[in-house]
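Here is a short briefing on one protein chain. Start with model confidence, then move to the fold and its strands.

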Amino acid sequence: MCANRTAPARGPRARHNDFCPFVRLATEDRPDLQRVLDYIRDGDLLTVQEVDRLGRNLLEGLIVLNDLYQRGVGVKVLEGIAAGEHTERSLIIDLALALAEDRRRDIVRKTRNGLEAARARGKVGGRCPVVDDDKLAVILARRKRGETIRTIAAGVGVSIGVVHNTLAAARSESEPAES
């Protein structure tokens with residue numbers, strides 16, 4: 001799999017990037033999965049709901065599965081076309097991973113298309129702004145008088161974070177005008 005493979009670290013602390021260092025796996029962003037992969041031992045059986053839970057795309061899934069199989073770990077898949085116990089790589093697992101990646105790519109594409117279509121119709125997603133022009137004026141005036149952020153938030157009826165963000169936005173808008 002890796003053309004420039006150096007001797008990988010073995011044992012319980014071996015990480016997947018030791019096997020293929022130029023590929024950054026999403027397991028690094030998924031600490032629970034990483035803990036399981038670090039803990040599991042030869043002869044164990046890893047149970048997953050669907051095979052696509054092992055990686056966020058086909059390549060990651062295949063790297064994780066190959067690593068597990070090389071370590072003598074079986075994989076039990078509970079749902080999907082690859083349901084069953086697997087101790088070695090098979091076409092059905094590869095197909096399940098490829099289909100999951102394709103499904104994920106379709107969801108992203110359709111979501112993006114829907115958002116673009118809504119934007120074209122003048123619709124913008126997300127929550128309505130909490131701070132209107134009147135509240136903005138009150139927040140800025142009260143801060144100018146030296147009131148604390150907590151007091152301003154309680155008086156205006158918004159969260160402390162909203163007051164922080166409003167003041168930061170007002171500062172960033174005023175800085176380019178002053179320079």
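Where pLDDT is low, the predicted coordinates should not be read in detail.

**Basis**
- This is a predicted model, in which local features need pLDDT of at least 70, side-chain atom pairs count only at pLDDT 80 or more, and totals for chains, interfaces and linings use all residues.
- Residues are numbered from 1 along each chain as its sequence is written, and side-chain values use heavy atoms, leaving out hydrogens and water.

**Whole chain**
- The protein chain averages a pLDDT of 82, and 82% of the residues score at least 70.
- It has 6 helices and 3 strands, taken as DSSP runs numbered from the N terminus (helices H or I, at least four residues; strands E, at least two).
- From the N terminus, their order is α-β-α-β-β-α-α-α-α.
- Of the 179 residues, 31% count as buried (under 20% relative accessible area, 1.4 Å probe, protein chains only).

**Strands β1 and β2**
- Strand β1 spans residues 45–48. Leu46 and Val48 form its covered face, Leu45 and Thr47 its uncovered one.
- β1 and β2 (residues 74–77) run parallel, joined by 4 bridges; pairing takes at least two DSSP bridges.
- Threonine 47 stands opposite lysine 76 in β2.
- Helix α2 (residues 58–70) carries the chain from β1 to β2 in a right-handed β-α-β crossover: with the strands pointing away from the viewer, the path from the first strand over the helix to the second runs clockwise.

Terms used:
Buried < 20%, exposed > 50% of the residue type's maximum accessible area, 1.4 Å probe, protein only. pLDDT = per-residue confidence, 0-100.
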